[in-house]
Amino acid sequence: MLWKTADYSGWGRVHTAHGEIARPERASTLARIMEEAPAPAFGNRRSYGDSPLNDGGRAIDMTRMDKVLGFDPDTGVVEAEAGIRLGELMRLFAPRGWTPAVVPGTGFCTLGGAIANDVHGKNHHVAGSFGEHVISVALFANGKRLTVSPGHNKAQFRATMGGIGQTGVILSAKIQMKPCPGTAMRVTERRLNDWDEQIDALEASTASYAVSWIDAQARGARMGRGILEEAELSDMRLPSRAKPKSVPFNIGLFSNGLFARAFNEGYLRRIPEAGKTSDKPMEDFFFPLDKVHGVTKLYGKAGFHQFQCVVPTDKTDVLRDMMMKISRSGLASPLVVLKRMGPGRAGMLSFPMEGYTLAIDFPNRAKAKKLIAELEAMTAEAGGRLYLAKDSLASGEMIRGMYPEWSEWAQQAAKADPDGALVNDMVRRLELRSAT
């Protein structure tokens, strides 16, 4: 039986869906689906909101289409099916001297998902977004299989990068990986005492990888304190040392302000005043939360929202005001990240712009929703953007105003999918295609 009914959700577990799901294992099966009953596709559903969902309709789970189709050990070009995980590409090829040029904070993100969201990582200021390292993509769109690339079907390629699956179901892709001398990272961590130190440190950093953790519970003179991580690829060969842990049931610790304050204090003090340099396996540096199975249960049964914005470099005062609101609210979880971004973006709906990006988790509560709405308005006023891979609450009018190429993207999506068979819950909620 090709289609099976199931309940499923996005990573934040706030939005849910019910419908029939197909799990093809071969390109021929996917081709038949797209000819007979085309539907939107999803991968491991690491997008936080409703972009992987099609409530009441059909959807295609691509995770069984996860084969490596080709690899050139001299150039580092790999071709793979859309369902392969980025962490698996790292595991397979780092020992052979190559690793994905850009990875997000989870290795469970699929290749197709990385393209559909044009993901970024801790090296965006150096390497740009994932889509800038994509050589070509094979799609099923409008009853046909076609290939798009920066030099062939260029407009559709740019609409596909970050295009949340609306220009066709991604079958496979060729990507350019980057050389790596080993399977480890040399990581330097140091404490930062307040918000100004955070911005100054990220601005001054010359590291290939840089990210700051922020104690969002700290107030007053300590507001914005945290830890800066800077890293470089190492020639050491280290297997992952982290032992997998599991959260067996919904416990809601990250939704508890007292726990968050205690956790943050301990996490900060694990780094000596003088700082710390260590060697870590690549997976442990890039994907620390992947070692905790069921980590979303730490937010409780109601789930959580992640707010992630980027604002231009001259608007750090807006981010400071956001952090003041967040710290006063006491609603923030321990997972708060600040990064410096460069200008690199590959698609019409790609999130990055040169500036600073702030990402923060909130429990799914009425007070948190109100706070997030205020933060979204501040982002829009500053000329910034919200990240579609994380969004679960924004209005369509706000999102369309943040992406100046939205109308051109919508035209490409309509051309590739004139019957709207690939429309998902996010596209409906935000009216990204119906508002043209």
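Mentor: Buried means under 20% relative accessible area. Keep that cut-off in mind, and note that this is a predicted model.

Trainee: OK. Is Ser9 buried or exposed, then?

Mentor: Ser9 counts as buried, because its relative accessibility is 16% and the cut-off is 20%.

Trainee: Where is Ser9 found?

Mentor: Ser9 sits in strand β1, which covers residues 3-9.

Trainee: And what does Ser9 touch, leaving out residues up to four places away in sequence?

Mentor: With those left out, Ser9 touches His15, Thr16, Arg45 and Leu53.

Trainee: Changing topic. How many residues are in the largest nonpolar core?

Mentor: The largest nonpolar core has 113 residues. Those with the most contacts inside it are Phe130, Val137, Ile326, Phe362 and Trp409.

Trainee: Take Phe362. Which residues does Phe362 touch?

Mentor: Not counting residues up to four places away in sequence, the contacts of Phe362 include Phe304, His305, Phe307, Ile326 and Leu331. Ala332, Ala368, Leu371, Ile372 and Leu375 are also among them.

Trainee: Now charges. How many salt bridges are there?

Mentor: The count comes to 23 salt bridges. Side chains of opposite charge can pair when their charged atoms come close.

Trainee: What about Arg225, which residue does its side chain meet in a salt bridge?

Mentor: The side chain of Arg225 meets that of Glu265, at 2.7 Å from N to O. Arg225 lies in the loop between β13 (209-214) and β14 (226-234), and Glu265 lies in helix α7 (residues 257-269), so the pair ties together parts that are 40 residues apart in sequence.

Trainee: Are those two buried or partly exposed?

Mentor: Arg225 counts as buried, at 8% relative accessibility, while Glu265 counts as partly exposed, at 24%.

Trainee: Which residues are linked with them in a network of salt bridges?

Mentor: Asp215 and Arg269 are linked with Arg225 and Glu265 in that network.

Trainee: What about Asp391, what does its side chain meet in a salt bridge?

Mentor: The side chain of Asp391 meets that of Arg429, at 2.8 Å from N to O. Asp391 is in the loop between β21 (385-386) and α11 (396-402), and Arg429 is in helix α13 (residues 425-430), so this pair ties together parts that are 38 residues apart in sequence.

Trainee: Which relative accessibility do Asp391 and Arg429 have?

Mentor: Asp391 is at 5% and counts as buried. Arg429 is at 25% and counts as partly exposed.

How values were computed:
Residues are numbered from 1 along each chain as its sequence is written. This is a predicted model: local features need pLDDT of at least 70, side-chain atom pairs count only at pLDDT 80 or more; totals for chains, interfaces and linings use all residues. Side-chain values use heavy atoms; hydrogens and water are left out. A nonpolar core is a set of buried Ala, Val, Leu, Ile, Met, Phe, Trp, Tyr and Cys residues joined through side-chain atoms within 4.5 Å. Buried means under 20% relative accessible area, exposed over 50%, partly exposed in between (1.4 Å probe, protein chains only). Contact means heavy atoms within 4.5 Å. Helices (H or I, at least four residues) and strands (E, at least two) are DSSP runs, numbered from the N terminus. A salt bridge is a side-chain nitrogen of Lys or Arg within 4 Å of a carboxyl oxygen of Asp or Glu.
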